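Let's take a friendly walk through this protein. Have the sequence and the 3D view ready, and we will go from confidence to cores to helix packing.

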Amino acid sequence: MRDETLDEAAVQEAVRALEVADSVLRPREWHALDDQLLRELVIQRLKGLGRQLIAVTHGEGGPVEGYLSGWSDDVVPYLVQQRKDLEPHDLAVLALIYLHTEMLGRILGEDVPSVLQQLDEHTGETGRDVVRGQRLSDSLARLRAHQLINQRNQPGPALRRLSPAQRQRLEDNLVLLLRPDSIWARDIRSAQQTSDGVKESQ
């Protein structure tokens, strides 16, 4: 027979820990995440907060490493409209960091210099030289405050809190940025327009 008092305490403890965790919570260390029934209760509690449980895996389709919480897919569009504390050039710096470390470094395996070195050495008309000096320092500080990057100027723990749908949107946008005239990009734009049309009609 289950002890509902202990179960409730375990659920509340897991929800609080998920909301403040800097790294994934491993099921073997958290009873409410290891037990399927209690994990469903955690999911429901998070849902009431506009949040959702994110399973972090080793690679796409790999075994679950642990869990984090993130914003619900239904809530994200409203948050985007209301967020005022990040400026456009902060997001430009974040995009450069993500492309630099994830696309060039991790996926393509290129031996790349640090992001700061790349920005300092950059010359040309792509616009990367617009964010420099104190403006760059301020952007990096704001991105670190939101855990979007870490102290080494690499993608931070907040990006691990993306749901599968949010991560897919990010990857699709990278394709639109890097290969805007490709068939792949055309298909992505078509799918996004269809999805946005369905949402507006609901």
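The pLDDT is the predictor's confidence in each residue, from 0 to 100, and helices (H or I, at least four residues) and strands (E, at least two) are DSSP runs, numbered from the N terminus. This is a predicted model, in which local features need pLDDT of at least 70 and side-chain atom pairs count only at pLDDT 80 or more, while totals for chains, interfaces and linings use all residues. Residues are numbered from 1 along each chain as its sequence is written, and side-chain values use heavy atoms, with hydrogens and water left out.

The protein has a mean pLDDT of 81, with 81% of its residues at 70 or more. Confidence is highest in helix α3 (residues 36–48), at a mean of 95, and lowest in helix α6 (residues 115–121), at 69.

Now look inside. A nonpolar core is a set of buried (under 20% relative accessible area, 1.4 Å probe, protein chains only) Ala, Val, Leu, Ile, Met, Phe, Trp, Tyr and Cys residues joined through side-chain atoms within 4.5 Å. The largest one has 18 residues, of which L18, A32, L33, V42 and L53 touch the most other members. At least two residues each come from α1 (4–20), α2 (31–34), α3, β1 (51–57) and β2 (64–71), and α1 gives the most, with 6. A second, separate core of 15 residues includes L86, I97, L99 and A158.

Which residues of α1 and α3 meet? In contact (heavy atoms within 4.5 Å) are D7, E8, V11, Q12, A14, V15, L18 and E19 of α1 with L38, L41, V42, R45 and L46 of α3.

Conventions:
Buried < 20%, exposed > 50% of the residue type's maximum accessible area, 1.4 Å probe, protein only.
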